[in-house]
Amino acid sequence: MSPLPAVTGRDEFDALVVRTDYLDDQAWQDVAAALMEPWGDRPYEADVHFIDDLAWSGATVDEVLTAVRGDDNLAVVFLADRTTMQAESHPLLAVTTLTREECVDDEDYAQLTEFGRHFRTIPARLHEVHANLSIGNLGFEEFAAWAHDDPEGIFRSF
């Protein structure tokens with residue numbers, strides 16, 4: 001695959017959602033609509049930067065991470081992949097952008113990735129994941145652990 005286009009125009013507070021599957025436009029519309037719903041107790045306005053460009057079709061986790069590596073304000077990126085489009089709950093793949101080099105030491109990185117570099121979350125919880133990781137209120141490993149405890153491996157709530 002050739003290099004992916006640069007991500008431009010994302011506000012530092014926007015969740016980044018990358019569409020990598022283009023087989024079901026209706027499913028994508030459903031996912032995008034769900035992500036734009038107000039969220040939280042107040043409720044908060046949904047701030048999402050969507051990448052909906054065929055150049056990203058079939059992109060792997062590593063290819064997406066390479067493409068977004070220059071964004072210092074990005075703790076997590078969400079992929080709308082084939083599983084997202086096919087599953088009834090449309091769980092997106094949440095992927096940490098932190099690398100071993102950005103962690104204090106091997107132990108810190110091992111803790112961060114104890115349950116892997118990614119987990120799935122339903123659209124209704126994407127904003128909670130993004131907001132808490134962005135401000136450092138919770139760690140990636142905490143969300144991954146909650147997803148790990150779910151029978152389907154999906155983060156659904158605290």
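Student: Where does P91 lie, and what makes it count as buried?

Tutor: P91 lies in the loop between α3 (82-86) and β4, where helices (H or I, at least four residues) and strands (E, at least two) are DSSP runs numbered from the N terminus. Buried means under 20% relative accessible area, with over 50% called exposed and the range in between partly exposed (1.4 Å probe, protein chains only). P91 has 2% relative accessibility, and therefore it counts as buried. This is a predicted model, in which local features need pLDDT of at least 70 and side-chain atom pairs count only at pLDDT 80 or more, while totals for chains, interfaces and linings use all residues. Residues are numbered from 1 along each chain as its sequence is written, and side-chain values use heavy atoms, with hydrogens and water left out.

Student: Which residues is P91 in contact with, once its neighbours within four places in sequence are left aside?

Tutor: Contact means heavy atoms within 4.5 Å, and by that test P91 is in contact with T83, T84, R120, T121, I122 and I154, its neighbours within four places being left aside. As for A80, which is eleven residues from P91 along the chain, the two C-alpha atoms are separated by 8.0 Å.

Student: How do you know that the buried residues of α6 are on the same side of that helix?

Tutor: The buried residues of helix α6 (residues 140-149) are F140, F143, A144 and A147. They cover an arc of only 100 degrees around the axis, which is why they are placed on the same side of α6; the arc is that of the directions from the helix axis to the C-beta atoms. An α-helix has 3.6 residues a turn, so residues three or four places apart point the same way. Among the elements that cover these buried residues are β3 (76-80), β4 (92-96), α4 (106-112), β5 (118-121), α5 and β6 (154-155).

Student: Which members of the largest nonpolar core touch the most other members?

Tutor: A nonpolar core is a set of buried Ala, Val, Leu, Ile, Met, Phe, Trp, Tyr and Cys residues joined through side-chain atoms within 4.5 Å. The largest one has 26 residues, of which V17, F78, L92 and F119 touch the most other members. Two or more residues come from each of β1 (15-19), α1 (25-35), β3, β4, α5 and α6, and α1 gives the most, with five residues.

Student: What is F119 in contact with, beyond its neighbours within four places in sequence?

Tutor: F119 is in contact with L92, L93, A94, V129, F140, F143, A144, A147 and F155. One of these, L93, is included in a second, separate core of 15 residues, together with L16, I51 and V61.
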